[in-house]
Amino acid sequence: HDFENEDNKYVCGLVESHTVTFTVLGQVYDTVTVTYGEKIALPETDPEVEGYRFNGWKNVPDTMPDNDLTIEADLVEQVTISYYRYNIDTYQYEYDYDVTVDKGAEVKLPYYYWNYSNTLGWDANDDGVVDYEYNETINANESLTLKPVLVPFYADVDLGAEDAVFVDAEGNPITRIYAENAYINEIILTN
């Protein structure tokens, strides 16, 4: 027979059900039907959105209210810091590894050890200038590409030629070779 409870939710012994829509960045991710007063079952898998970390669902009530409901994903924007290293064999910077953190998080930048020369800090603008010091703590507000700034190294080589005369293209005698920021792998002598 017909009756109503104190919340006026039961009519003829039937309990109302409603739709819960889970959304991610405004797009429907999942929908479920839940009976009024019951616990809401969350989606079995967490959404994956590039550039964001899923941090749960926002404002999930303890039990289903007497109306349809939309629940939005709580997403935290991520930024990536890409570290590069210098390859002495190719004279090029090469990708080393990434660190992904929440946007705005504090990050302590590591020291870069290079066994051929000292390094000065991190270059974020690919211009050879130190933008960040080693062990500096920064707020990661944007994605960065960091390359170590190398101390310029110099070679000043004595050719050791007592019996021979080396000349440059203009015919001037050469007794030493000086090179900046490069290795001298071999010297080719021509007649």
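Student: How many salt bridges does the count come to?
Tutor: The model is predicted, and side-chain atom pairs count only at pLDDT 80 or more. A pair qualifies when a side-chain nitrogen of Lys or Arg lies within 4 Å of a carboxyl oxygen of Asp or Glu. By this rule, the number of salt bridges is five.

Student: With which residue does Asp102 form a salt bridge?
Tutor: Side chains of opposite charge can pair when their charged atoms come close. For Asp102, the closest N and O atoms of the pair are 2.7 Å apart, which is within the 4 Å limit. The partner is Arg53.

Student: In which strands do Asp102 and Arg53 lie?
Tutor: Asp102 and Arg53 form a salt bridge. This pair links distant parts of the chain, its members being 49 residues apart. Asp102 belongs to residues 92-102 and Arg53 to residues 52-57, so the strands are, respectively, β7 and β5.

Student: Is Asp102 buried, partly exposed or exposed?
Tutor: The relative accessible area of Asp102 is 25%. Buried requires under 20% and exposed requires over 50%. Because 25% falls in between, Asp102 is partly exposed.

Student: Which class of accessibility applies to Arg53?
Tutor: Arg53 has a relative accessibility of 31%. The class between the limits of 20% and 50% therefore applies. Arg53 counts as partly exposed.

Student: Which residues do salt bridges with shared partners join into one network?
Tutor: Glu94 forms a salt bridge with Arg85, with the closest N and O atoms 3.6 Å apart. The side chain of Arg85 also meets that of Asp96 in a salt bridge, at 2.8 Å from N to O. The pair of Arg85 and Asp96 links strand β6 (residues 69-87) to strand β7, across eleven residues of sequence. Through shared partners, the network consists of Arg85, Glu94 and Asp96.

Student: How many strands are there in the chain?
Tutor: The secondary structure of the chain includes zero helices. Strands are DSSP runs of at least two residues. The number of strands is 15.

Student: Which part of the 191 residues in the chain do buried residues make up?
Tutor: A residue is buried when its relative accessible area is under 20%. Of the 191 residues in the chain, the buried part is 27%.

Student: How many residues of strand β3 are buried?
Tutor: Strand β3 spans residues 17-24 and has eight residues. The strand is largely enclosed by the rest of the structure, because its buried residues number six.

Student: Which residue takes a positive phi in the hairpin of β3 and β4?
Tutor: The hairpin of β3 and β4 has two residues between the strands. A positive phi near 50° is found at Leu25.

Student: Is Ile40 buried or exposed?
Tutor: Ile40 lies in the loop between β4 and β5. Leaving aside neighbours within four places in sequence, its contacts are Val20, Phe22, Val34, Pro61, Met64 and Leu69. The relative accessibility of Ile40 is 5%, which is under the 20% limit. Ile40 therefore counts as buried.

Technical notes:
Residues are numbered from 1 along each chain as its sequence is written. This is a predicted model: local features need pLDDT of at least 70, side-chain atom pairs count only at pLDDT 80 or more; totals for chains, interfaces and linings use all residues. Side-chain values use heavy atoms; hydrogens and water are left out. Helices (H or I, at least four residues) and strands (E, at least two) are DSSP runs, numbered from the N terminus. Buried means under 20% relative accessible area, exposed over 50%, partly exposed in between (1.4 Å probe, protein chains only). Two strands pair if DSSP finds at least two bridges between them. Contact means heavy atoms within 4.5 Å.
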